[in-house]
Amino acid sequence: MRHLMTASLCALALALPMSAKAADPVIQLTVDSGKPGATIDRHIFGQFAEQLGHGVYDGIWVGKGSSIPNTRGIRNDVVAALKAIKVPNVRWPGGCYADSYHWRDGVGEKRQTRVNTAWGNVVDSNEFGTDEYMDFIDQIDSEAYVSLNVGSGTVGEAQDWMEYVTADQPTTLAKERAANGHPAPYRVAMMGIGNESWDCGGLMTADDYTAELRKYARFVGSYNPKEPSLKIAVGPGTPDTRWTEAVMKTWKERHGWSFDIQGLSLHSYTVYDGWPPHMPATGFDEAAYAHVLQETLKMGPLIDKQSAVMDSYDPEKKIALVVDEWGAWLAPTPGTNKDFLMQQNSQRDAVIAALNINIFARRADRVRMANIAQMINVLQAMILTDGPKMVLTPTYHVFKLYVPFQDATFLPVTYDAGSYVQGNTTLPRFDAIAAKGKDGKIWLSLTNLDPKTPLLVDAAALGFKAKSASGQTLSAPKVDSINTFEKPDVVTPKAISGKLKNGAVMLTLPPASVTVVSLEP
Ligand code: AHR
């Protein structure tokens, strides 16, 4: 079969960067469209917007009186950009911030200013509160994922918050929401019960946390029976499985009509060479490129280790593994407040994003949600802003390329990835996933990790004759190329067009690139 496919192919032209050398090896990739896997839940493309630095203030919220074009205080340029990547959910208000957040500070006419003790001890005006967040969610056609305050809050405070937000009956809190401009109940699709409770969320032991979890999961939820909320417990942040054991054991022993959870969170950042993160976001060499990629590929084994524990308690995979903080955590941009976690975003980040999304998609039966950290101006961001200026990062473009994978059906692929060797670091040279989109098309995502050499891919789907193929590739002059306010289009996707023969296609992938194409019947 392999032999027949190869003989049937002809070249597909693809523009290469000036620096590209001639491609040598050919990757033979086969999609088995007859063996569909799990649905790649659109929620793995979720975002995280913490009340941190310029993530919310300036990034989303500029205020109603701002000269920056806005709708009810929320910037229009950011809303338009986010709508284009179909953000399925936005986690808010934290992060570490969530466990010191008191919702009453951010509702009504008179807002309580507070010191943001989690991030930089700066004053938080609380101008962006619950109603503004829900307005933002509505403007970008997304879903709300609210993190409850378990660390410094109470079960009663969380109950009141959720009653204010979701109650569909004329209670005092629902009337207060109506008086604040929103008579109809909001929908909270997901609620997180705390954040990193083993660390910034309260330095709890696993036993401390499961005691809190039982109460929060028992008493706090949506007040609207027509719109229940999924409940997500705090999970691990390292390969250690003891926390996962404790939460899953609690779930196994106690779940029933009055207590349940639907997700367990996992936090894992790409941090190379220890804490605090110090790998430069730009101006790095090839060794740093390879080291950071090697680090990011640890996500797969980490998920597998934690999933194995979940499987032992929950073989039916009722509980989703929710990777609700992931991404590259690099050195802060020089000259910025280090507590604001601002970092540039390069073509390396684009490759990191694709590799992680592929890791999640391959495990779509268990990983049903993920949130990249963070959406705007913080860590591995989609968007950077500076006053009225806005620029889309390479990571943004990856999320846009992957839109057809949202709620698509995973299809197995076989290939020999080969090796990319840099010094003592050996990585796979190639990474790929395939899926059948809701549009009926077969979609391929193809990543060439090698930053110096293009890669020829000879792709075919068993039992499927493609009549055309089209897509886009994201490559850059250098692996540390970035988009800036002055030069926003250094790293942007370019169209691929090519010829097919007998339903198979040959693609040339530029060095260090992410390519998404569809095969069309
Ligand atoms: O994303 C930044 C921080 O990283 C979050 O607030 C916290 O949950 C994690 O440690």
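**Close-up views of a predicted model**

At 47% relative accessibility, Arg72 counts as partly exposed. The structure shown in these views is a predicted model.

**View 1. Arg72 in the loop between strands E4 and E5**. Strand E4 spans 70-71 and strand E5 spans 74-75, with Arg72 in the loop between them. The phi angle of Arg72 is near 50 degrees, a positive value in a residue other than glycine. Most residues other than glycine have a negative phi.

**View 2. Lys317 in the loop between helix H9 and strand E13**. This loop lies between helix H9 (299-313) and strand E13 (320-328). Lys317 has a positive phi near 55 degrees and is not a glycine. With a relative accessible area of 23%, Lys317 is partly exposed, because the partly exposed class begins where the buried class, under 20%, ends.

View 3. Of the 13 residues around the ligand, Glu50, Cys96, Glu196, Tyr269 and Glu325 come nearest. By class, the shell has 7 nonpolar, 3 polar and 3 charged residues. A side-chain N or O atom of Glu196 lies 2.8 Å from a ligand oxygen, and a backbone N or O atom of Cys96 is 2.8 Å from an oxygen atom of the ligand. The protein covers 93% of the 280 Å² of accessible area that the ligand has on its own.

**View 4. Cis peptide bonds at Trp92-Pro93 and Ala373-Gln374**. The bond from Trp92 to Pro93 is cis, with omega near 5 degrees; Pro93 is found in the loop between strand E6 (90-92) and strand E7 (114-116). Ala373 and Gln374 are also joined by a cis peptide bond, with omega about -10 degrees. Gln374 is found in the loop between strand E14 (367-373) and strand E15 (383-386). Most peptide bonds are trans.

**View 5. Strand E1 and its pairing with E23 and E18**. Of the 6 residues of E1 (residues 26-31), 5 are buried, so this strand is largely enclosed by the rest of the structure. E1 pairs with strand E23 (residues 455-461) in the parallel sense over 6 bridges, and Ile27 has Val457 as its bridge partner in E23. Pairing with strand E18 (residues 413-414) is antiparallel over 2 bridges, where Val31 stands opposite Val413.

**View 6. Helix H10 and its start at Ser346**. H10 comprises 16 residues (347-362) and reaches 23 Å from its first C-alpha to its last, close to the 22 Å expected. The helix is mostly covered, with 15 of its 16 residues buried. At its start, a side-chain oxygen of Ser346 comes within 3.1 Å of the backbone nitrogen of Arg348.

Terms used:
Residues numbered from 1 in each chain as written. Predicted model: local features only at pLDDT ≥ 70, side-chain atom pairs only at ≥ 80, totals over all residues. Heavy atoms only, no water. Near = heavy atom within 4 Å. Polar contact = N/O pair within 3.5 Å; in protein donor to acceptor, adjacent residues only side chain to side chain. Areas by Shrake-Rupley, 256 points an atom, 1.4 Å probe, with all protein chains shown as cover. Nonpolar A, V, L, I, M, F, W, Y, C, P; charged D, E, K, R; others polar. Helix = DSSP H or I, 4+ residues; strand = E, 2+ residues; numbered from the N terminus. Expected span 1.5 Å × (residues − 1). Buried < 20%, exposed > 50% of the residue type's maximum accessible area, 1.4 Å probe, protein only. Pairing = 2+ DSSP bridges.
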